[in-house]
Amino acid sequence: MKRSATYREKFLHSVFLFWAFFVTGIHNAMHGPALLDLAQITHTNVEQASVFFTAMAAGGLLGTMCLSWLFDRFPRHQCLLLGVASFGVGITMAAIPWSLQYILTIALCFINQFLSGGMETVCNTDMVATWGSEGNMHLQFMHFTLAAGATIAPLIVEPFLAKSQNLNLISSDETANGTVFPSSISTSHSPVFLAEPNNSVIYNVTNTTGFLPRHDQAEVPSLIQYAYLISGVMSITAAVPFLVEICTSDRRSRHRPAQSDLIARPALPPRLRYPVFIFVGLFFVCTCAAGGSYIAYLATFFVKQRGWTKYLASLITTAFWGSLCLFRLVAVVLCKFLSPLVMMNVFQTLMLLSMLMTWLFVHLDSDTCLWISVIGTGASISTLFASMVAYVNNDVMPVTGSVTTIVMIGSNISGILNPVVMGHLLQEVSVMWFVYLPIIEQSAAFAAFLGLVLYSKVCISPYVQKCSVLTEAEADLDTPVMKNTD
């Protein structure tokens, strides 16, 4: 019965995960707008400060593997792991802008994302383990809270950013003391490519305003310590419920799968499990690359190829994020009526159609229709992450720390490699590769998903049916035979 103590305990734990994911969305999206202030605090240039993001990417990749292993290895201490990780994120988050030493700041960024990236992976695993096959709706809502947190992060950072006393600013479309290549403006991490004169070094900078300070600008002390402190305190508040839960509930019963699930889906042997990892990894590498490059270079495309003003480009970027956030909330309702398999097929098809519409409307020179295609892309990409995890858990194999580790590794790999490829194509070949590359990558992601579906039906389903038959036969053998006394 849904009103039982077990249900209430699981629901309360889910609320804790929602809050933890909301906070994770905030502090993950804060670093981009604060990059120039971090460079000012550590007395470094843009090239040196970009190493902070490299350290975060490396930390997130390693943290994903380590924390997910600990989560699976110590099932009775999963709440403790969540609480300690969230507490560590809060402490390191608050400490980052107080560090004046460049090397120390790199180390803090690495540790912070080690814990944050690992915790994001563990939260996905924990939500699936808590609800099992009933967790699709909760998983969709959890990812909505992540998007909501990322949406408000710039509002938290902006009041504390250092303001220049000199109003002499260089637009990122102009050339001054260097060549400025395509830039993008968004509410999250967006790359701006710069090349110093007489220098072949290209800097990858995050700049949410679209303007770069001149060298003769007077520096005003940054106050981002307070923005990071707010985020750190929020992370600590997310840790407290998990630490309290250790003393007030029994996690063993919540993570025990239902008996029907055990009968329907036995543990897969390695020969069947590893191909699943490959298909899942390929899907997330490709789909995260497609979505990441689309949003990162969205404003660049409209400014450089369509001749829009930066203001209009920022508006269409906001429309993208708004549709993504809204449809993550809509997906919470849709998943009650549609299976994860249906949602994956529908939204991947819509995503490809929306991207193809972008290509078509560029050739038709229809700016109004381009708004529709961009909003459609944001809406269609919104549900893919949670729906894919739910599909694997419901129809393929139980989602454990190993599966979510593959998911996060794929996401991190795409984030490291794809900007290099896209930046080269935009700069050296054509701005239209903003349209071409995401279409190719999402087509590859769709192919990987269809390959997983086919593999599941051809190889996994017969194995599961065979195990079910053996289980029923064993149960019949254990049933005592009644003698006929007539």
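Here is a short chat about the predicted model shown above.

Trainee: What should I know before reading this model?
Mentor: Residues are numbered from 1 along each chain as its sequence is written.

Trainee: How many helices and strands are in the protein chain?
Mentor: The protein chain has 18 helices and 5 strands. Both are DSSP runs numbered from the N terminus: helices are H or I with at least four residues, strands are E with at least two.

Trainee: What share of the residues counts as buried?
Mentor: Of 486 residues, 52% are buried. Buried means under 20% relative accessible area, exposed over 50%, and partly exposed in between, using a 1.4 Å probe and protein chains only.

Trainee: And the contacts? How much comes from residues 24 or more positions apart?
Mentor: Among contacts with a separation of 6 or more, such pairs make up 81%. Contact here means heavy atoms within 4.5 Å.

Trainee: Now the core. Which residues have the most contacts inside the largest one?
Mentor: Leu 298, Phe 320, Met 388 and Val 392, in a nonpolar core of 120 residues. Helix H18 (residues 433-478) gives the largest share, 13 residues. A nonpolar core is a set of buried Ala, Val, Leu, Ile, Met, Phe, Trp, Tyr and Cys residues joined through side-chain atoms within 4.5 Å.

Trainee: What does Phe 320 touch, leaving aside neighbours within four places in sequence?
Mentor: Tyr 294, Ile 295, Leu 298, Val 374, Thr 377, Gly 378 and Ile 381.

Trainee: Switching to Ser 354. Where does that one lie?
Mentor: Ser 354 lies in helix H14, residues 340-364.

Trainee: Buried or exposed?
Mentor: Ser 354 counts as buried because its relative accessibility is 7%.

Trainee: What about phi at Asp 365?
Mentor: Asp 365 has a positive phi of about 60 degrees, and it is not a glycine. Asp 365 is in the loop between H14 and helix H15 (367-381). Asp 365 counts as exposed because its relative accessibility is 56%.

Terms used
This is a predicted model: local features need pLDDT of at least 70, side-chain atom pairs count only at pLDDT 80 or more; totals for chains, interfaces and linings use all residues. Side-chain values use heavy atoms; hydrogens and water are left out.
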